[in-house]
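Welcome! Here is a short tour of the structure shown below, taken one topic at a time.

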Amino acid sequence: MAGHTQQQPSGRGHPGPAPSPSPGPGPGPGASERVALKKEIGLVSACTIIIGNIIGSGIFISPKGVLEHSGSVGLALFVWVLGGGVTALGSLCYAELGVAIPKSGGDYAYVTEIFGGLAGFLLLWSAVLIMYPTSLAVISMTFSNYVLQPVFPNCIPPAAASRVLSMACLMLLTWVNSSSVRWATRIQDIFTGGKLLALSLIIGTGFIQIFQGHFEELRPSNAFDFWMTPSVGHLALAFLQGSFAFSGWNFLNYVTEELVDPRKNLPRAIFISIPLVTFVYTFTNVAYFTAMSPQELLASNAVAVTFGEKLLGYFSWIMPVSVALSTFGGINGYLFTSSRLCFSGAREGHLPSLLAMIHVRHCTPIPALLVCVNLLVPAAYLVFWAFLLVFSFISEPMVCGVGVIIILTGVPIFFLGVFWRRKPKCVHRLTESMTRWGQELCFVVYPQSAPEEENGPCQPSPLPATDKPLKTQ
């Protein structure tokens, strides 16, 4: 759409003028084709986004933490079931929010819409500065370690090899997500199917163990034989450890605008995915206890790998490979959804406007990828997490305090970058030149709204206005 980008009107929450980038260079789509995010995510892909983002490496690591703080097998299994129930409560809230506020961006979009720009910016700041980069780094390093494990069976893989492989993984998946939404969703579909097959193997093997009589740890007399009496703080930490494995359940709301018929498919995908993941997680843990005692599970650094070594014999290599495939799909899902958070933040004027642009041919947010009901239901959900938060502060005051400080560092950035209206002209000229350079590098322009969407309710906030008309080429 070179030379055909229109100036966007100013929206709510945009106190200052933004730079006025020019359209991307080179020939774009024809005049009859809009440059906009495409609705290419159907019900199956929506389910795999939720399931694929939830099932990462957590189910292979978290059982240890849950059991350690629960004090018994029976209570640990109860924590897993209750964790799924709490996630279901949160998903019900999100299903309603996604229908009422049909914007991409998930948490950020809803916080900004309800609580205003500062609260939304602080959430965005903490996510972009800490949460997403560190999560991607951890998941990619986990992927590389498990891929290299068969190559270095008797020692820890070299750090340099792990870093190179994790970087290659990130670069490959960033390229895929930049090239095509369809390719990204197909990868998500395939690797989510692989995760479910691997966990089905664990569950099936566990049922065989039960039929053969190997379920001593699951007998009520043994399952609730506490080796320690858990305090309220221990229970809170157990739920937090289990919640780590359920994290990612809200990621479909980050791509609401790319869903086919979101009013139907968003709730349906949530109602299908969350019960399925809860079932898989619970019975995976049941299977673990058919092969391992609580002491063996606590001593293991990778529970699924230990399970495979004890029961699968020659085929024990399947478990580390399954973990690697699971984390690979998790990285893809994380990149796909988190880039839409940056895209949404830039569209609201909270990040550089370059991040709100999409490729003129592929219609993917390349700059963003490169940065990488009933009131009783939400009330119960909020009370539960407020309870966990209070006891987390009591149990780990230093860690929680550091997290609060990191979030609050975004306050001066918000007032300097967003709230301050009358910036010097040299600042605007600098941001304009940087935005134009980024456009030419990434070949991106602002997405266009369909004529029928412009007057619809609850549409995404338009881009900030500029004092100058956009230049054409």
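Patches are made of residues with over 30% relative accessible area and no salt bridge, where like charges are joined within 9 Å and nonpolar side chains (Val, Leu, Ile, Met, Phe, Trp, Tyr) within 5 Å. Accessible areas come from the Shrake-Rupley method with a 1.4 Å probe, and for residues only the protein chains shown count as cover. A salt bridge is a side-chain nitrogen of Lys or Arg within 4 Å of a carboxyl oxygen of Asp or Glu.

Tyr314, Phe315, Trp317, Val321 and Leu325 make a nonpolar surface patch of about 560 Å². Leu325 sits in helix α13 (residues 318–347); helices (H or I, at least four residues) and strands (E, at least two) are DSSP runs, numbered from the N terminus.

## About the model

This is a predicted model, in which local features need pLDDT of at least 70, side-chain atom pairs count only at pLDDT 80 or more, and totals for chains, interfaces and linings use all residues. Residues are numbered from 1 along each chain as its sequence is written, and side-chain values use heavy atoms, leaving out hydrogens and water.

## Salt bridges

The count of salt bridges comes to nine. In one of them, Lys103 meets Glu348 (3.8 Å, N to O). This pair links distant parts of the chain, 245 residues apart: Lys103 is in the loop between α3 and α4, and Glu348 in the loop between α13 and β1 (358–359). Lys103, Glu113 and Glu348 are linked in a network of salt bridges.

## The chain overall

The secondary structure comes to 18 helices and two strands.
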